Amino acid sequence: MRLDFPDFRLGTVLATSFTGTLSERHGDAVERIPTPRRLVDWMAVYGLTVDSCTTAQLELARQLRESIHAVATAAALQAPLPAAAVHVINDCSTRGRAAAILTPQGTREWQLVSTDRVADALSVIAADAIDIIAGERDGKLALCASPTCQAAFFDTSRSRTRRWCDMNTCGNRQKKARFNANRSRDLAQRSS
């Protein structure tokens, strides 16, 4: 029997894409990595190939995801970073032994080298989070304007004024809601 899982919401920034594996945090939450196998699948999409994942490793991954979300949200709001979440990110970053390698095509790939390849992959994600939160990359952290989402995302647009974590989901949903509200208001005014 095939289980149907929600599609991954893919982005170009590893750490914030990872936090997107739980979406609609302030509405009907959608868990996109409900099983260890789905975490393996998500990691493969980002070139972090692992053979398997245990339930304990999935729980650690979710703990890292929530820590990144908490710290990125605080950073976007220019609030103090939650110490417990910072600890989780740092612990995951130092736990793995992943190495960046250059391919013959001139691209970077991650070589997961320890016996705990999931820990290696989580260290790559944690290090990416550290880079964006510490301001090491060109862009800024922001929060999605959707009231049911409010996901932290890394805005690399020229003006740094992006409002949605993903225009194809949150942005379109909000535009559609605004259109329908205006249309209903116009119809009500015409019938009066």
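**Note on the predicted model: helix packing and pockets**

1. The secondary structure of the chain comes to six helices and six strands, where helices (H or I, at least four residues) and strands (E, at least two) are DSSP runs numbered from the N terminus. Along the sequence these elements follow the pattern α-β-β-α-α-α-β-β-α-β-β-α, and the C-alpha trace spans about 70 × 45 × 40 Å along its principal axes.

2. This is a predicted model, in which local features need pLDDT of at least 70 and side-chain atom pairs count only at pLDDT 80 or more, while totals for chains, interfaces and linings use all residues. Residues are numbered from 1 along each chain as its sequence is written, and side-chain values use heavy atoms, with hydrogens and water left out.

3. Helix α3 (residues 55-76) and helix α4 (residues 83-95) have axes that come within 8 Å and cross at roughly 125°; axes here are lines fitted to C-alpha atoms, for helices over the stretch in contact, and angles run from 0 to 180 degrees between N-to-C directions. The two helices are therefore oblique to each other, given that angles under 35 degrees count as roughly parallel, over 145 as roughly antiparallel, 65 to 115 as roughly perpendicular and the rest as oblique.

4. On the α3 side, L60, Q63, L64, S67, I68, A70 and V71 meet A85, V86, V88, I89, C92 and R95 of α4, contact meaning heavy atoms within 4.5 Å. The residues of this contact of α3 with α4 divide into 10 nonpolar, two polar and one charged, with Ala, Val, Leu, Ile, Met, Phe, Trp, Tyr, Cys and Pro counted as nonpolar, Asp, Glu, Lys and Arg as charged, and the others, Gly among them, as polar.

5. Helices α3 and α5 pack at an angle of about 0°, with their axes 11 Å apart, and they are therefore roughly parallel to each other. Their contact is made by Q57, L60, A61, L64, I68, V71, A72 and A75 of α3 together with V118, L122, I125, A126, A129 and I133 of α5; by class, the residues of the contact of α3 with α5 comprise 13 nonpolar, one polar and no charged.

6. I133 lies in helix α5 and, leaving aside its neighbours within four places in sequence, is in contact with V71, A72, A75, L81 and L141. I133 and H87 are 46 residues apart in sequence and 14 Å apart in space, C-alpha to C-alpha.

7. The largest pocket holds about 330 Å³ of space. A pocket is an open set of points, on a 1 Å grid over the protein atoms alone, where a 1.4 Å probe fits, with protein on both sides within 12 Å along at least five of seven lines, and lining residues have an atom within 4 Å of a point. Grid points are joined across faces, edges and corners, and a volume is the space filled by probe spheres set on the points. The lining of the largest pocket has 22 residues, of which G11, T16, F153, R162 and C165 lie nearest its centre, and by class it has nine nonpolar, eight polar and five charged residues.

8. In the second largest pocket there is about 250 Å³ of space, lined by 13 residues, of which L14, R108, W110, V124 and D128 lie nearest its centre. The elements that give two or more residues to this lining are β4 (108-111) and α5 (117-133), and α5 gives the most, with four residues.
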